[in-house]
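Thanks for asking me to look this one over. Here are my notes, point by point, to read with the model open beside you.

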Amino acid sequence: MIRICEIAELTNAEIISGSDEQLQKQILNFSTDTRTLKPEDFYIPLKGEKFDGEKFIDSAIKSGAAGYFTTGDIIIGDICALKVKDTREAYLKLANYRRKQVNPKVVMITGSSGKTTTKELVYSVCSQKYRTIKTDLNHNNEIGFCQTVFSIADDTEILIIEAGMRGTGEIELISKYAEPDISVISNVGTAHIGRLGSVENIAKAKCEITKYQNTDGVLIAHNDDLIRNTTDFKGEKIYYSINDTEIIKQEIGCSEFIYKNNIYRLNIEGDYNIENSLAAIETGLRLNISPELISKGLSEYKPIEKRWQTVNIGGYKIINDSYNANPESMRATLKTVFKLYKDIVVILGDMGELGENEVFYHTQIGQEIELNAKNNPDLKVITVGELSKNISDEVKTCFSKHFDTNRSAARYILDNIKIGTTIFLKASRTMKLEEILACIKGETE
């Protein structure tokens, strides 16, 4: 709970409306959406390229808001109005206040790919011993950070923050207000290279995560020379790699490996999932979680929606990894597919935000598939979209076919692929490959 007068003080706001009695009112919840705002909430009108929350202040008042931020001088209604320069910054300052008030250990995670899976693995490990809260779904920007912080209870011990980015400065901004104790960089790749121009610039953006890290904290990162040479963090650094493990077993739905003399098991396949789990292991060890509890946490991890999620639809076994894609994640997942599956249909869509070399990256994936197809003649490759045609054009040894739309690809599956076949899907989220699954489901029920 926090009084409105304290909100004004924390955010350096000018009080332009509100009686002394109103300013003493206790606030239990902050709302950025008038559609879900409850009576006595404090309204924070955020601004973006295509929206302006200040246009809905009157709606917030009608819904019973106890007060609101504004960047202007016009007073609406007879409740508390606090004038700030930037409502987003004010929201972040309040989130930082709540972070310090509860004072959990903060684990902040970023990476070009695998960060959400890593977050879920870290959560599964940490929750074995501590009261743990994590970023929900893909709410991995500064607003998602604030929402996550305000969801924590007073007894929260571990706060896990996922930090995405589309440009420089975004991860640094979250780091400033999260003040992480443990920072994790799952990897650096070509995701968003179209915006940032080079992998080196991407590495700089990812390494912003330690900008405001507690000095006695630790950076846990993929063992990559680019990360090693880019980070300027002066504290403890731990680097991990699949090369640090001894793989005992990898089969469909199971991975077993030895890391630092302990055996761990995942109910999911893939070297990259093993590598993501190493970040969770190192985080757990740093937080004094025993290897036995870490092992239990990893074994209980289950993939979330569209991230190597296995489902049965219309008689087909679907491996849905269509949440997002870049060249590195595409290679990693296809490596697992080729290693463990023989008679499989691979459906690939466009990879986005790759800049002027986007055709090259797609062609390169096609060439790598062609090399593997020589040992997998039953493989079938289907591509959907515009850029992905450059993938299927390179595949000559096994069956390949291109479609312009998800619906036409789904129609082909229903008409030509036998029930019981395993189908793998991967693309950038803008391709909406889940539409293929919806079409298959609709046509078969």
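1. A charge sits over a ring if NZ of Lys or CZ of Arg is within 6 Å of the ring centre and within 35 degrees of the ring normal. Another example is Arg 228, whose charged end lies over the ring of Tyr 239 at 4.0 Å from its centre. Please keep in mind that this is a predicted model.

2. Next, the aromatic pairs. The count comes to 10 aromatic pairs. One to look at joins Phe 30 and Phe 150: the ring centres are 5.0 Å apart and the planes stand at 45 degrees, so the pair is tilted. Stacked would need planes under 30 degrees apart, and edge-to-face over 60.

3. Where do Phe 30 and Phe 150 lie in the chain? Phe 30 belongs to strand β4 (residues 30-31), while Phe 150 is in the loop between α6 (142-149) and β10 (158-162). The two are 120 residues apart, and their pair links distant parts of the chain.

4. Is Phe 30 buried or exposed? Phe 30 has a relative accessible area of 13%, which is under the 20% limit, so Phe 30 counts as buried. Phe 150, at 26% relative accessibility, counts as partly exposed. Both belong to one aromatic cluster, together with Phe 42, Phe 69 and Tyr 91.

5. A further pair is formed by Phe 257 and Tyr 264. Their ring centres are 5.8 Å apart with planes at 35 degrees, so this pair is tilted. Both Phe 257 and Tyr 264 are buried.

6. Finally, strand β7 (residues 80-83) has partners of two kinds. With strand β2 (residues 14-17), β7 pairs in the antiparallel sense over three bridges, and Ile 15 stands opposite Leu 82 in β7. With strand β6 (residues 67-70), β7 pairs in the parallel sense over four bridges. There, Tyr 68 has Ala 81 in β7 as its bridge partner. In a regular strand, side chains alternate between the two faces of the sheet.

Key: Residues numbered from 1 in each chain as written. Predicted model: local features only at pLDDT ≥ 70, side-chain atom pairs only at ≥ 80, totals over all residues. Heavy atoms only, no water. Phe/Tyr/Trp six-rings, centres within 6.5 Å; stacked < 30°, edge-to-face > 60°. Buried < 20%, exposed > 50% of the residue type's maximum accessible area, 1.4 Å probe, protein only. Pairing = 2+ DSSP bridges.
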